[in-house]
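Student: I have a protein model open and I would like to learn how to read it. Could you take me through some features one at a time?

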Amino acid sequence: MDIFCCHLPDTVLAVFLGLCLAFLFLFFSSSFSKQDVRARNLPRGSEGWPLLGETLAFLSPHRSNSLGSFLQDHCSRYGKVFKSHLFGSPTIVSCDHELNTFILRNEESLFKASYPKPMHGILGKYSLILVSGDLHKKLRSVAVNFVTASKSTSEFHLCVEGLSVSMLESWKGREQVAFCKEAKLFALSLMVKTLLSIEPEDPRARKILADFLTYMKGFVSLPLYIPGTPYAMAVKARARLSSTVREIIEERRRTSNEVGLKKGDFMDVILGNEGLNEEEMVSIVLDILLGGYETTATLMALIVFFLAREPASLLQLKEEHQAIRRKKGREEPLNCEDYKQMEYTNDVICEALRCGNVVKFVHRKALQDIEFKGLTIPSGWKVFPVFIGTHLDPTLHENPMKFDPSRWKDKAMNKKVMPFGGGLRLCPGAELARLIIAFFLHHLVLSYRWKTKPDDFPIAYPYVEFKRGLVLEIEPTERHG
């Protein structure tokens with residue numbers, strides 16, 4: 001700064017400062033002063049720094065099973081609904097369960113998905129997260145059909161079990177495993193095999209995994225397209241992933257045309273869908289890969305973490321799976337009827353979703369002026385339903401910080417927690433993820449005991465990662481008790 005001051009004439013410096021002041025005036029005027037008398041009904045809050053607003057504080061890492069200092073401070077000062085300035089836009093932040101439910105149920109009528117422009121470079125313009133209207137319905141129906149078909153087929157069940165058993169057998173003779181790494185490899189191997197018929201040992205599977213790791217690190221980073229930044233690396237990783245999927249599509253088309261060979265996987269399904277262009281095909285494959293990989297691997301890690309700290313819950317879970325196994329032959333595979341008996345298992349999964357918060361918030365925008373409980377949400381403002389705020393709300397959940405699967409015996413819990421979103425954008429793969437994890441847990445709890453490191457815990461960036469990769473100390477147990 002001193003260098004500029006030494007070499008600029010006073011008049012030039014004065015003009016420069018004047019322009020800066022004018023810019024700041026215009027910025028604040030356009031962002032906050034053009035609201036009329038409605039502003040008196042805006043939620044209380046703060047705007048933070050010029051341009052950046054409070055984005056950095058909002059994205060500040062914290063334990064995923066806690067609100068974090070930003071939400072804790074703002075909710076205590078302004079209430080569960082407050083105004084802020086995030087990602088370059090005036091924003092209403094909601095930690096209120098009733099308002100969050102209202103937002104999600106009025107998708108495309110009062111609100112619409114509205115993610116920052118830089119995220120489009122990572123997600124792609126046909127991503128299910130970004131598109132709306134008829135295009136969203138068309139692409140979502142493809143994903144839903146895949147999920148519905150997969151979860152009921154014995155081939156898919158055998159694939160899940162085969163990969164689960166293979167993963168656990170690879171632990172033999174080891175005293176420690178880095179579980180997050182293992183879970184990511186398991187989840188991606190399952191997705192590429194199911195979607196693309198690519199075996200885990202195929203070099204393309206390793207390439208996809210490496211690119212997805214880079215992709216996720218930039219997914220919610222600051223959107224600075226500067227070489228070496230997480231965002232720039234994520235954009236390039238997404239381009240490589242798209243290229244890989246395109247190559248697989250072209251290879252599959254050639255094989256199908258030349259010898260008429262079909263593999264019966266998801267790729268065959270979308271290639272037979274004449275309503276999809278190539279960009280849409282690539283995008284839907286990447287969306288399902290992303291959802292199946294990231295959500296499944298993260299949730300697996302959260303469950304293992306919480307169970308290690310709650311031995312009574314782990315014991316009850318193990319007893320449920322011992323009872324299921326006693327009714328079957330030693331190596332007899334699991335099926336849909338077994339899954340239906342895994343009631344406590346599903347309670348464990350739901351509680352891990354509530355406590356661990358795989359998805360912290362989503363981006364929405366108000367399509368018109370909206371009045372809610374005496375507060376005004378102005379048209380054009382961004383709206384963030386923050387799920388973690390309601391999942392850890394003591395007015396909704398007794399002792400909310402405690403991992404307690406038994407609370408899910410109360411069926412009203414399903415209306416108080418929304419880990420997979422809601423409304424038109426309810427995650428299409430939610431039930432499939434539950435089945436995958438339930439089958440994996442069956443083999444895990446019957447095969448091993450484990451302990452976690454005292455200084456390891458899940459951190460929201462806001463995507464969830466473990467501080468030290470969730471290294472487990474493992475010990476084999478009697479296989480079927």
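Student: Let's start with Leu470: is Leu470 buried or exposed?

Tutor: This is a predicted model, and in it Leu470 counts as buried because its relative accessibility is 0%; the cut-off for buried is under 20%. Leu470 sits in the loop between strand E12 (464–466) and strand E13 (471–476).

Student: What is phi of Leu470 near?

Tutor: Here is the general idea: most residues other than glycine have a negative phi. Leu470 has a phi near 55 degrees, which is positive although the residue is not glycine. Asn357 also has a positive phi, near 55 degrees. Asn357 belongs to the loop between H16 and strand E6 (364–366), and its relative accessible area of 2% makes it buried.

Student: How do I describe two packed helices?

Tutor: Two packed helices are described by the angle between their axes and the distance between the axes. For helix H16 (residues 343–356) and helix H19 (residues 430–447), the axes come within 10 Å and cross at roughly 115 degrees. The crossing of H16 and H19 is right-handed.

Student: Which residues of H16 and H19 meet?

Tutor: From H16 come Thr345, Asn346, Ile349 and Cys350, and they meet Arg434, Ile437, Ala438 and Leu441 of H19. By type, the residues of this contact are five nonpolar, two polar and one charged.

Student: And which residues touch the most other members of the largest nonpolar core?

Tutor: In soluble globular proteins, nonpolar side chains tend to be buried together. Here the largest nonpolar core has 112 residues, and Phe179, Tyr215 and Ile284 touch the most other members. Helix H13 (residues 278–309) gives the most to this core, 19 residues. Leaving aside neighbours within four places in sequence, Ile284 is in contact with Leu128, Leu139, Val142, Ala143, Phe266 and Ile270. Another core, apart from that one, has 16 residues, including Leu71 and Phe384.

Student: Now a polar example: with which side chain does the side chain of Thr244 make a polar contact?

Tutor: The partner is the side chain of Lys207, at 3.0 Å. Thr244 lies in helix H11 (residues 230–259) and counts as buried because its relative accessibility is 6%. Not counting residues up to four places away in sequence, Thr244 touches Lys207 and Ile208.

Student: Finally, how does Gln316 count in terms of relative accessibility?

Tutor: Gln316 counts as partly exposed, at 34% relative accessibility. You will find Gln316 in helix H14 (residues 311–326). Gln316 and Tyr344 are 28 residues apart in sequence, with 7.8 Å between their C-alpha atoms.

Note on methods
Residues numbered from 1 in each chain as written. Predicted model: local features only at pLDDT ≥ 70, side-chain atom pairs only at ≥ 80, totals over all residues. Heavy atoms only, no water. Helix = DSSP H or I, 4+ residues; strand = E, 2+ residues; numbered from the N terminus. Buried < 20%, exposed > 50% of the residue type's maximum accessible area, 1.4 Å probe, protein only. Axes fitted to C-alpha atoms, helices over the stretch in contact; angles between N-to-C directions. Left-handed = near helix turned anticlockwise from the far one by under 90°. Contact = heavy atoms within 4.5 Å. Nonpolar A, V, L, I, M, F, W, Y, C, P; charged D, E, K, R; others polar. Core = buried A, V, L, I, M, F, W, Y, C linked by side-chain atoms within 4.5 Å. Polar contact = N/O pair within 3.5 Å; in protein donor to acceptor, adjacent residues only side chain to side chain.
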